[in-house]
Each structure stands twice: as C-alpha cells, then as structure tokens.
Amino acid sequence: MTQVEALAYTADEMMAVAAARRLRDGTVCFVGIGLPSRAANLARSTHARGCVLIYESGTIGAKPEHLPLSIGDGELAETADAVVSVPEIFAYWLQGGWIDVGFLGAAQIDRCGNLNSTVIGDYERPQVRLPGAGGAPEIAAMCRETIVMLRQEPRAFVEQLDFLTTSGAGVTCVVTDLGVLEPGHDGELTLTELHPGVTTDDALEATGWDLRFAPKPREGDPPNADELEALRTLKPANGNTVS
Amino acid sequence: MAKTVSLAEAVEDLVHDGDVVALEGFTHLIPHAAGHELIRQQRRDLTLVRMTPDVVYDQLIGMGCARKLVFSWGGNPGVGSLHRLRDAVEHGWPERLELEEHSHAGMAAAYAAGAAKLPFGIVRGYEGTDLAERTRVAWITCPFTGERLAAVPSIRPDVGIVHAQQADEEGNVLLWGISGVQKEVVLASSRSIVTVEEVVSRLEPRPNAVFLPAWVVTAVSVVPGGAHPSYAHGYYNRDNAFYVRWDEISRDRDTFREWMQRQVLQQEATVA
C-alpha cells in the first residue's frame, strides 16, 4: 500500500467542502450568492445530486453548470424547474415553510448567531455602509435549518454587533475557515468541529468573545480528491473574477 | 392606452422632480437606458424605490438625482459595494441621501399590496431585529388568531419603469424569464414607462410570461439593448465583466464623473 499523498487545498476550499457536506440528496436549499452558492453547487455536483437550489430571484430547482455572479444570472432561469415572481418566492415558498436549509453570509456575527449585514459603525453616520438585509431575516426565520458561512476573524466574530439585521434564533450551524460552530442549549455558539491542522488556540484568537468549545471538538476530514476536483471544476460565469 | 413614444419624450412627460420613481427588474431586465435618460434630463429630489439598487441606482445617486432611497439590498451582486451609494450615505456626496430600508420579503409584500391598492402588506418578519426601529413597519394583531405580524406600508410609486423583451403596435407588453416585481410595480404605479427590445406584429404567448396589456401601461419606448449591462432573456446575456469593471469606475468620484460624462451625458437616447 502506498501512502496517499496529502492534497493541497486552501482554507476557503475547506470551508466550502465542510458546508457542502451538510447538505443531503433532496435537501431544498435557499441559496445566497458567493460562498453559499459555491458550497451548494459543490454538494449538487458530488454527494447530493438531487439537492434543490432556490435563488431569491424566483428560480426553483436551478442547475447551473457555472457559478453564477448574481442571484439572477440567465443560466439559473434556463436550468430551473420553474421561475416564479419575487413576491411569490418569498410569500408562498419561503414563508410558506417549504425550504429545508437557508444558506447565508454576513459581515458580523455574535455569540448568539445574530447577524449584521447593514452597517459598520453608527447607523446614521456609518463607517461602512453594507448592502443591507436582503432576504436574510426571513430566510433565517423560515427555513428549518440555517447555515451561515463566514471567515473567522475578530472583526467578524464580535462581542457586540453594530446592527442586528438577522436574528440568530434560527441559525443552526456556522461554517468558517477554521471549523464548525453550533448553538448549545442556551443558544450560545459552541465550536464543535475543527478543520484539519487548526487548533483551539487558532479559533480562540480569531474570535472576539470568549469562545465556548465542545468537550472534544471533532476533527473534520480534509477535502477528498473528488470534492476538490468538483470544486475546481465549478467555473465562474463569464467575466466573474470574484468568488 | 399606452402611447408609443421616444424614451426622451416619455421621461419628459411622465417623470417630474420630486416624484417617487421605481425602476424594477430583479437582476434581469433592469431598465438602464431609462435610468440614463433620467440622468440626462437632470431629474432632482427623486425618491428612488428599488428592491436591489445596483449599478443604475449607483449612477443616479452619484449624479445627484436622488433625495431618498427605499430599498432592501444595495450592492453590486457578487462583486461588492456600490461606491456611489456608500459615498452618499457615508459622506453625503454629492448630497445626503435619506434611507428607508426593508427586507426583501417586506418589500415584495409592499409591492404586492401596492398592486392590490391595499394600504399595507403583511409579513411574518422584522421581529427580533434592529430593522424594525429604523424603517416604516408597524405591528398588527391578526383578528382571527391573535398572531402578531408586521405591516409594511404599500408601495405606490408616481412612476414605475421596467424593461421588457417585446411590445406590439398597440402597446401590449410581453416579458419572460426572471420576472421579479415588474408586474407589481406597473400595476402599483400611477404612471408607467416600459422600454422594450423590439416591437413585433404579434406577441406569441409563452409559458410563465408576464403580459402587461396596453391599458395598464402609460408609455412604451423602443430601446434595443436598454437593459445592458443587465440582460434580456433570449436577446443578450448579462455583461458580468462590466459589473466587475464598475467597481473600478465608481470607486473614485472623478473617474465616475468622467465615465458618466462620456458614456451617458454625451450620448443621445436611443430613439425609435
């Protein structure tokens, strides 16, 4: 038996793979653009081919071959089972309770999983004006599970949010570039899984509050060759140089 | 009955300073050409309404057309910030911009209520967020179950502007693909302008298409390519490379102004 050579991968790739693994075949997913879209499409091209992707543009069951730049790229409409209006996707499908998993990003998160995507600094005189709520508050409230993806660093994992855009009450899992956090019984996020090679000290240092750990955090599996190949095959749509 | 007129005439007749104006199109069919005409005609003090203000609203705001923005997500999708929107909010350039912000679900319900000529839309939302304090929502109690729900005031713009693939000679309009809130905004508005890719002798019925009869549309203008850099399904693709480039163009005030001068102010509206 020859030793399997360790595969080289980036922290962002690990993050996409860890998030994708949480989706199962047939899971109905409401997907945001960027990291969540990358992870959901990875799941669809590996272990969860029947994963149903819904984008807020009203595309139900989109099956893009390229990673879309926006939630409304033409390829999403062309490959969807149905395209419905925006009032319909939010009222009938999301609020109607038909979605299993919501997938969100944010600029800031606190220990209860509350999210800020509105402003950094004071609301009236913001240091940085962020895009705002979008679909996030209702996605987090209405989906059976909500997975948040964001890179773990002190300016993102904060003791006090500058603005509470989305309640953390519905957040069931946070996937970062260092590991996975899940809410404990009292709702406080607890680090339950570390990616390979990441230490509890790394996670502590990257968090703006006194991070709680599970007694024995699991060590996640590194991306396997199939996952990495699938991830790298997901080419962005034309002109999309940003992921 | 819809009149078929040039875009310049439509904007001149139907959009006035101080109006509440909604340009809609959810990623798809964004009426860029109409936005550019508003800029060329130097409309001022507009309350601009749009769920997803993106490049065209960045341009309108940066050129000083807006007093207030009603929105639910303001960014360059997949790319990053809208620099002109940020500059207006963070530094008051070129002037201060008042914000009224919602969630997508809240704003979609507000448009649907506007189309139904109801005073408000209802959502199960805003609870447990700081948004409720910052925006126009109120709490109501369901008269049947006692449940507490959020009421969002309906959106009834003075002018609704959308882009579509086709119209016929009578001014009936057909659009297909991702249809966003286009039907709602036209039905909710006092006046409406629809720019179209082309006029055809007969509109072919299509599954999932949105049909806007001539009797709900005020003016139709033929503007081929009028959605670019957004797209028109079946006509041209989204110019994703331009959205990426906009980040560079819009970052600096002078570069932005120079680009607007060259690409918008010095161009004539495409007239047909």
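Reply: Two strands pair if DSSP finds at least two bridges between them; the strands themselves (E, at least two residues) and the helices (H or I, at least four) are DSSP runs, numbered from the N terminus. In this structure, β7(B) and β8(B) pair in the antiparallel sense, with four bridges between them. The model is predicted, and local features need pLDDT of at least 70, side-chain atom pairs count only at pLDDT 80 or more, and totals for chains, interfaces and linings use all residues. Residues are numbered from 1 along each chain as its sequence is written, while chains are lettered from A and ligands numbered from 1 in the order in which they are written.

Me: What is the order of the open sheet of three strands in chain B?

Reply: Strands of a sheet pair through backbone hydrogen bonds, either parallel or antiparallel. Here the order is β6-β8-β7 of chain B, with antiparallel pairing, and the edge strands, each pairing on one side only, are β6 (120–123) and β7 (138–141) of chain B. From one strand to the next the twist averages 40°, where axes are lines fitted to C-alpha atoms (for helices over the stretch in contact) and angles run from 0 to 180 degrees between N-to-C directions.

Me: Which residues stand opposite one another in β8(B) and its partners?

Reply: β6(B) is joined by four bridges to β8 (148–153) of chain B, the two running antiparallel, and B:V123 faces B:A150 of β8(B) across this pairing. B:I140 stands opposite B:L149 in β8(B). The hairpin of β7(B) and β8(B) has six residues between its strands, and there B:G146 takes a positive phi near 80°.

Me: In which order do the ten strands of the open sheet in chain A lie?

Reply: They follow the order β4-β3-β2-β1-β5-β10-β11-β12-β13-β14 in chain A, with mixed pairing, and the edge strands are β4 (82–83) and β14 (212–219) of chain A. Within this sheet, β2 (52–55) and β3 (59–60) of chain A pair in the antiparallel sense over two bridges, with A:I54 opposite A:I60 in β3(A). Helix α2 (35–45) of chain A lies across β1 (28–31), β2, β5 (101–104) and β10 (145–149) of chain A, and runs at about 155° to β1(A). Chain A as a whole comes to seven helices and 14 strands.

Me: At what angle do the axes of α1 and α2 of chain B cross?

Reply: Two packed helices are described by the angle between their axes and the distance between the axes. Helices α1 (7–14) and α2 (32–40) of chain B have axes that come within 10 Å and cross at roughly 60°. That makes α1(B) oblique to α2(B), since angles under 35 degrees count as roughly parallel, over 145 as roughly antiparallel, 65 to 115 as roughly perpendicular and the rest as oblique. The contact (C-beta atoms, placed from the backbone, within 7 Å) is made by B:L7, B:A8 and B:V11 of α1(B) with B:A33, B:A34, B:E37 and B:L38 of α2(B).

Me: How many residues of chain B are in contact with chain A?

Reply: 48 residues of chain B are in contact with 44 residues of chain A. On the side of chain B that touches chain A, the elements giving two or more residues are α4 (83–91), α5 (104–115), α6 (131–134), α7 (182–188) and α8 (240–251) of chain B, and α5(B) gives the most, with six residues. α5(B) also packs on the three-stranded sheet of chain B, touching β6 and β8 of chain B and making about 140° with the direction of β6(B).

Key: Two residues are in contact if their C-beta atoms, placed from the backbone, lie within 7 Å.
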